[in-house]
Amino acid sequence: MNATLESPAVTTPSRPNLPAETTASMAALLAQLAALTRTAGRGDLLSRLSHTESRLADPRTRVVVLGLTDKGVSSVAGALVDADVSAAAQSRHEPVVVEYGPVASDPDATVTLPHDLLAEGLVLVDAPGFSGHAPARAADTLALVPTADAVLFVSDASQEYTEPEIALLTQVHTLCPRVICVVNKIDFYPRWADIQKANRTHLQNADLPLPLLPVSALMHADARETGDDALDVESGIPQLVDYLRKQVVAQADVVLRNAVIADVRTVTDHLSLSLSAELDALHDPQRGAALLEQMTHARAAADQLRQRSANWQYTLADGAIELMTDIEHDLRHRLRTVIRAAEEDIGRSDPAPRWEEFGSWLDGEIATCVRENFVMAHTRSQALALSVAGRFAEDGKVPVPTLRIDNVDHVLEPVNTLESLESAQGFTQRVLSSMRGSYGGVLMVGLVTSLAGLALVNPFSIGAGVLLGANTYREDRKARTARRQAEAKVAVSRLMDDVIFQVGKESKQRLREVQRVLRDHFTDLATEMLRSVDDSLRAAADASKMHEDHRATRSAQIRRELDTLRQIRLQAAGFAGQVSA
């Protein structure tokens, strides 16, 4: 029977792609290196290792499942873990986190399940569905993407990708390169293969090389209930689970392994620097003065990196200002384009009868602008980080922090709704308006014709009344329409001012956080370098003054420590081949 049909209670999470013995070896190696770092008095490097140890202890892979409303997002998320998460999904407008737990919990914002896929380290985030009728939710959902290791984009086989869906997919792919497209409900639509083919063409035309997998969450549920393996395979869910295991979880293990190796190399390099300098001074006391001069120059260079006058500091400060200005200008430009389109639409006819429909369209356009502006901020922030790294080191080979501009929860919720308009003129009002004009026409012409001996009400006065009544009706309707159009444009302008204020405030706050993260990250790197050079300088100076009787003992001790550090590096490098294909 397929493994997805039954989920035995797993008590200890395992990592099939990163063997348990490898994880244990990594943890032991980090503990050994941490002990050496603690002995060396390098609290700064110890913090780095502590972060790495924490990441190794919780190496879970975060997968966000999202899509438009009524596409079966929650049903696909539930099918992956053989559970119904729709109850929790429907009762909230927040994402539902599905993670491993030895006992299934009641539906809430976080659901724990004893499922083997979750035990392997996968965490599912079931995002609320969204549409043009819920633009704020779209922005909130998109904010989840940068925090994800992968994204499942769920559509269904009722129709091929629309232009807004392709635009959204492009944004998602920009924020998270690993995106898996899922076509749900293939059991309900016989022509699902044609839809899949059309979707693939749309992806190719948009230059989105993304996998496209057909599934049926309902068919998978039926297969589990009846124990029908063939039906389960036909549902496509086992294939999707297998894809997640091999292409998402396995790749996350590779990233984790490489991060451990990189941090071990960095820490051992810093520790070896002072030991090597001291050993050189012990071996050749005559070179002590030259070595101290060399280390002094190195210290000055390292200290310069910490100063506000350092090139990378200027690059960061100027780049952050330019980034904030460009993002604000981009938002205003996008919204100005929407305002023009809205005013053109308002000017075509009376906006009152279609005001609700117009408001839904406007909300969708605003949400699209905010999402595109958010994506631009994310990509430009990453470019700024790389630019600062290039200024920090000539070769640019320094670690760059992960920038996740994800503090956009409910960014559009404080925005006021579009103001209501005066309703269109009713039938009674139209009749009264026409009668007022008609009465004036009958009275005026009737008085004139009465001089000729005709009655007040005669064919001429009646005709004049009809003409003046119709003209009064047209002029009154035109005036009311013009007034409502003016009110509609003012309402749109006020709404846009509110959007610019709220979104601009949140955007600046996020970008300032990016600036702080980059500043602190590169300052910490400079501090580590300066501390290592200071230790080397102090060790070399102490070695040059050491009595001859102690030189041999200290040299032997340093060689043992350097050999231990080399062995740690070699052992860490050996982890590169310990991840199964």
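At what angle do the axes of helix α7 and helix α14 cross? In this predicted model, the axes of α7 (residues 163-175) and α14 (residues 355-392) come within 10 Å and cross at roughly 25°. Angles under 35 degrees count as roughly parallel, and α7 and α14 are therefore roughly parallel to each other. Their crossing is left-handed. On the α7 side, the contact is made by Leu168, Gln171, Thr174 and Leu175. On the α14 side, the contact residues are Thr368, Arg371, Glu372, Phe374, Val375, His378 and Thr379.

Helix α2 (residues 43-57) packs with α11 at an angle of about 165°, and the axes of the two helices are 10 Å apart. Because angles over 145 degrees count as roughly antiparallel, α2 is described as roughly antiparallel to α11. The crossing of α2 and α11 is also left-handed. Helix α2 contributes Leu45, Arg48, Leu49, Thr52, Arg55 and Leu56 to the contact. The residues of α11 that take part include Val255, Leu256, Ala259 and Val260.

The table sets out the classes of residue in the two contacts.

| α7 with α14 | four residues | five residues | two residues |

**The nonpolar cores**

The largest nonpolar core has 32 residues. Those with the most contacts inside this core are Val98, Leu124, Leu152, Ile180 and Leu240. Helix α11 (residues 237-283) gives the most to the core, with six residues. When neighbours within four places in sequence are left aside, Leu124 is in contact with Val63, Val65, Ala77, Leu80, Val81, Val96, Val97 and Val98. Another core lies apart from the largest one and has 28 residues, among them Leu144, Ala157, Leu169 and Val172.

**A residue of helix α11**

Ala252 lies in helix α11. Its relative accessible area is 18%; buried means under 20%, and Ala252 is therefore buried. The C-alpha atom of Ala252 is separated by 6.5 Å from that of Thr61, although the two residues are 191 residues apart along the chain.

**The chain as a whole**

The chain has 17 helices and seven strands. Of its 581 residues, 45% are buried. Among contacts between residues at least 6 apart in sequence, 80% join residues at least 24 apart.

How values were computed
Residues are numbered from 1 along each chain as its sequence is written. This is a predicted model: local features need pLDDT of at least 70, side-chain atom pairs count only at pLDDT 80 or more; totals for chains, interfaces and linings use all residues. Side-chain values use heavy atoms; hydrogens and water are left out. Axes are lines fitted to C-alpha atoms, for helices over the stretch in contact, and angles run from 0 to 180 degrees between N-to-C directions. Helices (H or I, at least four residues) and strands (E, at least two) are DSSP runs, numbered from the N terminus. Angles under 35 degrees count as roughly parallel, over 145 as roughly antiparallel, 65 to 115 as roughly perpendicular and the rest as oblique. A crossing is left-handed if the near helix is turned anticlockwise from the far one by less than a right angle, and right-handed if clockwise. Contact means heavy atoms within 4.5 Å. Ala, Val, Leu, Ile, Met, Phe, Trp, Tyr, Cys and Pro count as nonpolar, Asp, Glu, Lys and Arg as charged, and the others, Gly among them, as polar. A nonpolar core is a set of buried Ala, Val, Leu, Ile, Met, Phe, Trp, Tyr and Cys residues joined through side-chain atoms within 4.5 Å. Buried means under 20% relative accessible area, exposed over 50%, partly exposed in between (1.4 Å probe, protein chains only).
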